[in-house]
Amino acid sequence: MAKQDRAIRTRQTILSAAAKVFEQRGYQAATISEILTTAGVTKGALYFHFESKDDLAQGVLAEQDQRLVVPRRACRTQELVDVVMLHAHRLQTDPMVRAGVRLSLDQQAHELDRSGPFLRWVGVLDQLLHGARTQGELLPHVVPTETAEVLVGSFAGVQAMSQAVSDYQDLPDRVCALLRHMLPTVVLSSVLASIDLSRTRGAVVLAELDASAGAADPSGLLESQPVG
C-alpha cells in the first residue's frame, strides 16, 4: 500500500509540474526536460507514468474534469449553475485547471487532441439539462444537447476574454452575466426566481465539496473527491 501511495504522489507531482510548464509556455514550447526539472523526478519515473509529452498533456486535460460533479439539488438548473460557477472559481484558484484550459484552447498544439474537455463538458451539461427538462424546468422549445454546446462554447469565449483582460480576476462576474443572458431563453421564469446566481457561488460550492470530503475522511489522508 505504501508503494502504491508513493506512485500516486509521484504521478500527481509530475502532473502538477507539467501543468505549470504547459500554462507558462503552451504545448509547443514545453519540453520533457523542463517538466522533469520542475517535478524533481527522474526520467524513468516520468516515463513509468506517462509515455510522452502528448500523454502528459492529456493527463492535465483530464484533471480539469475531476470536479464536474456537484452536490445534488432539488432544482437541476441550480446544479447546472453550480457546475459552471465552480469551474470558473477553480480557474481562478487551481493551476491544474488553468493549464488544462490553456491546452484545450491552444490552437498551436496541432498534434494534440483537444476535443476531450469540450465533449465531456457538453455531456455533463446535456445530462443536467435533460434532468431539468424531466422536472419541468425548461421552456418547451429547448433542445438540451444544442443548449449544452452553446453554453460550453460561450463559456470558452468568456473565460478566454477574462484571461486576456484581467488574468481571470473578473471571471465570476463575466460568467454570471453570461448565465443571466442565456438562462431566460432556456429556463422557466418561475424556476429562475429560485436560482442562486451570485458571483461567489463557485466558492460556496467548493467549500461544500471540501466539507463533505473532510467528513468522509477525517484523517485527511484521502485525496478530495467530487460528491454526487
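Asp-167, which follows α8, has a positive phi, near 55°. This is a predicted model, in which local features need pLDDT of at least 70 and side-chain atom pairs count only at pLDDT 80 or more, while totals for chains, interfaces and linings use all residues. Residues are numbered from 1 along each chain as its sequence is written, and side-chain values use heavy atoms, with hydrogens and water left out. Helices are DSSP runs of H or I with at least four residues, numbered from the N terminus.

**Helix α8**

- Helix α8 covers residues 144–166; its 23 residues should span 33 Å at 1.5 Å a residue, and the end C-alpha atoms are 32 Å apart, which agrees. The expected span is 1.5 Å times one less than the number of residues.
- An α-helix has 3.6 residues a turn, so residues three or four places apart point the same way.

**Largest cavity**

- There are two cavities of 30 Å³ or more, a cavity being a set of points on a 1 Å grid over the protein atoms alone where a 1.4 Å probe fits but cannot get out.
- The largest cavity holds about 170 Å³ of space; grid points are joined across faces, edges and corners, and the volume is the space filled by probe spheres set on the points.
- Its lining (residues with an atom within 4 Å of a point) is made of 15 residues, and His-87, Phe-118, Trp-121, Phe-155 and Ala-156 lie nearest the centre.
- Two or more lining residues come from each of α5, α6, α7 and α8.
- Helix α8 gives the largest share of this lining, five residues.

**Salt bridges**

- The count is 11 salt bridges, each a side-chain nitrogen of Lys or Arg within 4 Å of a carboxyl oxygen of Asp or Glu.
- Arg-72 and Glu-79 form one at 3.1 Å, N to O; Arg-72 is exposed at 55% relative accessibility, whereas Glu-79 is buried at 5%.
- Glu-208 pairs with Arg-73, with the closest N and O atoms 2.8 Å apart. This pair links distant parts of the chain, 135 residues apart: Glu-208 is in helix α11 (residues 201–216) and Arg-73 in the loop between α4 and α5.
- Glu-208 is partly exposed at 30% relative accessible area, while Arg-73 counts as buried at 18%.
- A network of salt bridges links Arg-73, Asp-82, Asp-196, Arg-201 and Glu-208.
- Arg-90 and Asp-94 form a salt bridge at 3.0 Å, N to O, and Arg-90 is buried at 8% relative accessibility.

**Gln-58**

- Gln-58 is in helix α4 (residues 53–63) and counts as partly exposed at 28% relative accessibility.
- Beyond its neighbours within four places in sequence, Gln-58 is in contact with Leu-112 and Asp-113.
- A polar atom of the Gln-58 side chain lies 2.9 Å from the backbone oxygen of Asp-113.
- The C-alpha atoms of Gln-58 and Arg-76 are separated by 30 Å, the two residues being 18 apart along the chain.

Conventions: Buried means under 20% relative accessible area, exposed over 50%, partly exposed in between (1.4 Å probe, protein chains only). Contact means heavy atoms within 4.5 Å. A polar contact is a pair of N or O atoms within 3.5 Å; within protein, one must be able to donate a hydrogen and the other to accept it, and residues adjacent in sequence count only if both atoms are side-chain atoms. On a 1 Å grid over the protein atoms alone, a cavity is a set of points where a 1.4 Å probe fits but cannot get out, and a pocket is an open set with protein on both sides within 12 Å along at least five of seven lines; lining residues have an atom within 4 Å of a point.
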